[in-house]
Number of protein chains: 2
Amino acid sequence: MLKSKIETIAENLMTIHPLLFRSLSKPMKARTSITPAGLFVLRGLKKNGILSMSLIGKYLSMPKPHITVIIDRLIEEGYVERHHDPDDRRIVNISITEKGLTDLDEINQIIAEELKVKLLVLDADELEQLSVSSQNVKDKLLYILSKEKV
Amino acid sequence: MLKSKIETIAENLMTIHPLLFRSLSKPMKARTSITPAGLFVLRGLKKNGILSMSLIGKYLSMPKPHITVIIDRLIEEGYVERHHDPDDRRIVNISITEKGLTDLDEINQIIAEELKVKLLVLDADELEQLSVSSQNVKDKLLYILSKEKV
DNA sequence: TATAATGGTTACAAATGTATAACTATTATT
DNA sequence: AATAATAGTTATACATTTGTAACCATTATA
């Protein structure tokens, strides 16, 4: 019985995360107070500039009340800001601050340092493959997500 | 300022998860009582046959007490079994049951069904790329992990 | 044999994430 | 103008994960 391509992709994608995430999160946790969800929001804001609460919720597939909590905390820490949309005052737009940007960079470097040690067992060619493949997976998922939001 | 290759890989790997995991987990949660960590353990057991508690802990980068809780619950549900190692009676080996295997297949199909809908926006060529890339990333991470355990 | 080290469990506290309902403010629809 | 729909918040309960310390049984070491 041959596994379908979709099943293989599903298993691959579901397996990637737990193999690395926890070990990369630990050094981050030791040095910053930011949560995994908060970090992901910061990355989204850095890339997109400004996002509404609802868009962030869709982006993370998280219930709105949780987004409120996450943003409240990021604001406390000075990483993001709330802006009421002038065109539709129901909408709350979130932007990343200077501090958010610099601290995000710092966190990324901490994580990269940690990853670097692990990647030592790969040669240059394998590293290049991992770079290309991970970029490809990420891009495809972002593409899929962008199509969903219509 | 050019981002290093390692930083790019780190960001890619950290971003992949939240883009999909929650939306794939929801249908699973609706139909089974298994937790994400439990599911990951089942996958590891299916692939490796038998794993000790410590190895599972390393595999998931989780503290041992949590592994005990996860295994207790999988045993309650009839998915895995404990075996004391005859050569070293301190060691507890875990094996997956028939029920564990069949239910794991079922869960994988539920997740694949969910993913299938999302992947409709990709053409055959892109799908193939995603398949190859995700496999590559997973294999490389497993390879790195296997080197760590020495 | 006494001591240290290992593998695992128990107990507990705290952080994080999930889910739902009720609510306010604002905008869109009739 | 009344009603419905949307965006977001507050409140609450619960599930899952993380982290630590203390402990037992077994094995390795001195």
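Colleague: How do I read accessibility here: is B:Phe40 buried or exposed?

Modeller: Buried means under 20% relative accessible area, exposed over 50%, and partly exposed in between (1.4 Å probe, protein chains only). B:Phe40 has 4% relative accessibility, so it counts as buried. B:Tyr59, at 9%, counts as buried too. Keep in mind that this is a predicted model: local features need pLDDT of at least 70, side-chain atom pairs count only at pLDDT 80 or more, and totals for chains, interfaces and linings use all residues. As for bookkeeping, residues are numbered from 1 along each chain as its sequence is written, chains are lettered from A and ligands numbered from 1 in the order in which they are written, and side-chain values use heavy atoms, leaving out hydrogens and water.

Colleague: How many aromatic pairs are there, over all chains?

Modeller: A pair of aromatic rings is described by the distance of the centres and the angle of the planes. Rings of Phe, Tyr and Trp (its six-membered ring) pair if their centres lie within 6.5 Å; planes under 30 degrees apart are stacked, over 60 edge-to-face, and the rest tilted. This structure has two such pairs. In one of them, A:Phe40 and A:Tyr59 are stacked, 5.1 Å centre to centre with 25° between the planes. That pair links distant parts of the chain, 19 residues apart: A:Phe40 sits in helix H2 (residues 36–48) and A:Tyr59 in helix H3 (residues 53–60) of chain A. Helices here are DSSP runs (H or I, at least four residues), numbered from the N terminus. A:Phe40 is buried at 3%, and A:Tyr59 at 9%.

Colleague: How many residues of chain A are in contact with chain B?

Modeller: Contact means heavy atoms within 4.5 Å. By that rule, 58 residues of chain A touch 58 of chain B. Buried area is the accessible area (1.4 Å probe) that two parts lose on being put together, summed over both. Here that's about 6,100 Å², with carbon and sulfur atoms giving 72%. A:Ile6, A:Met14 and A:Leu19 supply 12% of what chain A buries against chain B, more than any other three residues.

Colleague: What about salt bridges between chain A and chain B: how many are there?

Modeller: Look for a side-chain nitrogen of Lys or Arg within 4 Å of a carboxyl oxygen of Asp or Glu. Chain A and chain B share two, and A:Lys5 meets B:Glu128 in a salt bridge at 2.1 Å, N to O.

Key
Helices (H or I, at least four residues) and strands (E, at least two) are DSSP runs, numbered from the N terminus.
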